[in-house]
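Here is a short tour for anyone meeting this structure for the first time. Take a moment to look it over before reading on.

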Amino acid sequence: MRLILDTIDENLIVKFKGELDHHTTEEARNKIDMWYFEKRKKNIIFDLRELNFMDSSGIGLIMGRYKTCKENGGEVFIVSSNSNIERILRMSGIYKIIEVYPTVESVLENSLER
């Protein structure tokens, strides 16, 4: 799994490539949390478009960051266009609490309107 981190305004952009499973989530969690707190960001945007596989530990990673963001007055957004990943997210119930967008740009446009 490859993890690419970037920031735009109050947003931490987390882009995953490859597989997010129990072998890779701990390292990803540590890097995400480090960037989130060191760079003092409010929101996290998870870009899952290049993710090939995700198991329940990936859902746990997202939910843990969701809790962190909410505690800091922020939000979590998901960017996805992969039907396999979307099926896993839908089955987990995550769509009931986290908004999903087709692109990072659409998340940023929508957050400016709020």
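## Ground rules

This is a predicted model, where local features need pLDDT of at least 70, side-chain atom pairs count only at pLDDT 80 or more, and totals for chains, interfaces and linings use all residues. Residues are numbered from 1 along each chain as its sequence is written, and side-chain values use heavy atoms, with hydrogens and water left out.

Helices (H or I, at least four residues) and strands (E, at least two) are DSSP runs, numbered from the N terminus.

## The strands

Let's start with β1 (residues 2–8), which pairs with β2 in the antiparallel sense over seven bridges; strands pair if DSSP finds at least two bridges between them. Leucine 3 has phenylalanine 16 in β2 as its bridge partner. Two residues sit between β1 and β2 in their hairpin, and aspartate 9 in that turn has a positive phi of about 55°.

β2 also runs parallel to β3, with nine bridges joining them. To get from β2 to β3 the chain goes through α1, and this β-α-β crossover is right-handed (with the strands pointing away from the viewer, the path from the first strand over the helix to the second runs clockwise). Glycine 18 is bridged to leucine 51 in β3. As for cover, seven of the 10 residues of β2 are buried (under 20% relative accessible area; exposed is over 50%, partly exposed in between, with a 1.4 Å probe and protein chains only).

## Helix α2

How far apart are the end C-alpha atoms of α2? They are 23 Å apart, which agrees with the 22 Å that its 16 residues (56–71) should span at 1.5 Å a residue; the expected span is 1.5 Å times one less than the number of residues.

Buried residues of α2 include Ile59, Leu61, Ile62 and Tyr66. The buried residues of this helix pack against β2, α1, β3, β4 (76–79) and α3. After α2 comes glycine 73, with a positive phi near 75°.

Arginine 29 lies in α1 and counts as partly exposed because its relative accessibility is 22%. Setting aside neighbours within four places in sequence, arginine 29 is in contact (heavy atoms within 4.5 Å) with Leu61 and Arg65.

Glutamate 86 belongs to α3 (residues 83–92). Apart from neighbours within four places in sequence, glutamate 86 touches Ser80, Ser81 and Tyr95.
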